[in-house]
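This briefing is about charged side chains that pair up. Side chains of opposite charge can pair when their charged atoms come close.

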Amino acid sequence: MGVYLNPGNGAFTLAVNDDIYIDKTELITKTNHRLGKRNRYLCVSRPRRFGKSMTAEMLTAYYGRGCDSAGLFTPYKIAQCESYRKHLNQYNVIFLNVQNVFSRVKTEEEMLQYIQREILAELREVYHDTIPEEEMILSASLEKLYSKVGEKFVFIIDEWDCVFRIKGMSSEAQNKYLDFLRDLLKDKVYIFLAYMTGILPVKKYGTHSALNMFDEYSMIDPGEYADYIGFTEEEVKNLCHQYQVDFEKEKEWYDGYVLGEGMHIYNPKSVVDSIRRKRFASYWVQTETYEALKIYVQMNYDGLKDTIIQMLAGERIKIECGTFQNDMTTFESKDDVLTLLVHLGYLAYDWEENEVFIPNTEIQAEFVRTVKSCNWKEVVESIERSERLLQATWDQDAQTVAEMIDEVHSENTSILSYNNENSLSCVISIAYYNAIKEYTRIRELPTGKGFADIVYLPKKRSNKPAMIIELKYDKSAEGAIKQIKEKKYAGSLKEYQGDLLLVGINYDKDSKKHCCLIEKYRSSCFA
């Protein structure tokens, strides 16, 4: 076994020996299907700590010669698949963690020399005189090996994109790296399979398309690999049952990445840590410096600040992903920054609606922390005031509620100015930001006779009343309450039994003031 050539199964053995291990070995059936074919190039990108390296180690353990992994894989799903035995430990694997290599050198030039020197040294140990000592180019050496002995290789490259995530790396240096990968991999007969993993997709670095032979799967378009991006909902349910953890809280904290046709994906790092520690908190963001998010929020590129505030209020934002250049510096529009945040895991993407949103409580907290560090004073004050606004609502203090919403609007007038009920709902959502601790917020809840503007439904552990908020623009708060009653909006809350607050809010465009009316009912009154 070598460091790069057939490194063995030790790394994957450590993974399966963990207290918590989720079986993702069926992925191997998909890579087996690509072996030796034109579509043998595959890149699956996802955020940090979503299992990229473990997958790379799993494939290395399965394909690599020089070790016997039968006992390692036998307990898992892949062992039941038809192609399992045929390809187990049958191929020479070249495994490369680019981030590890780059940490040992200073420049991309040194990195490329280091990679070729080390892999060639290991190849010469195995193939002796087949590779001349004077040959220093890895691709040329592999071509000679193939021509003389017909040897093919499985390439597994982890963190392939780290060069593009290093601050200050020049375009010239990036292109040299891409040219190296293209020369090494593209259309080479000695490639039996090439699997790459990283955070960023591969196709577009300006006009440079060095790696366009790869089929790409990402947080934007996971395709058939959605199951393997993170933990599925069923897998998390099973873990919660096994370790007696509250699944609903697990979902609230770490769900929200909806990939493909409604498939919910959870953050593996955070799920595992929350189960081990028996406590719900922000774990994944501790693996990143929050400066990564802060940098892009502070840019306020193309009005990004307004969009961040809307998402903090629970809004979804339409974006166009097609212009993103797949790096961390080239931005043509706000949509490019938002697309990057999807790949980094800070936003979720709804591919059917082309919308982005903040996925869960863990990431929501990170955005708030970032907003505070960016000194967005007016937004922070609105969020901090939210607790008092909630209490005033529960106390049915309509005048105080109206006055506090006035303050939120006036403080954020440059970014939350509005002239219709839809815009008004954004201000209300920011004003009631802290309601997410006690409530599930539902926008435009279908009722059979229309849509309730905003419904706050208490979470299972909460003893707070449900709230139906109806918004009016240049009409009356009384009219809002009347509409709730006449259209029997509360009838849509059939499963809820308890106190119910009807909240009518109107904005007068002339006086620029809000009026509020609050009435208390039991949900049974609307049955």
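The points below cover the salt bridges of this model and the surroundings of their residues.

This is a predicted model, in which local features need pLDDT of at least 70 and side-chain atom pairs count only at pLDDT 80 or more, while totals for chains, interfaces and linings use all residues. Residues are numbered from 1 along each chain as its sequence is written, and side-chain values use heavy atoms, with hydrogens and water left out.

**Salt bridges overall**
- A search of the whole structure finds 25 salt bridges (a side-chain nitrogen of Lys or Arg within 4 Å of a carboxyl oxygen of Asp or Glu).

- Lysine 269 and aspartate 273 form a salt bridge, with 2.8 Å between the closest N and O atoms.
- Both residues lie in helix H12 (residues 268–277), four residues apart, or about one turn of the helix; helices (H or I, at least four residues) and strands (E, at least two) are DSSP runs, numbered from the N terminus.
- Aspartate 273 is buried at 10% relative accessibility (buried means under 20% relative accessible area, exposed over 50%, partly exposed in between, with a 1.4 Å probe and protein chains only).

**A pair between distant parts of the chain**
- Arginine 316 and aspartate 350 meet in a salt bridge of 3.1 Å, N to O.
- Arginine 316 is in the loop between helix H14 (304–312) and strand E9 (317–318), and aspartate 350 is in strand E10 (residues 348–350), 34 residues apart.
- Arginine 316 is partly exposed at 40%, whereas aspartate 350 is buried at 17%.
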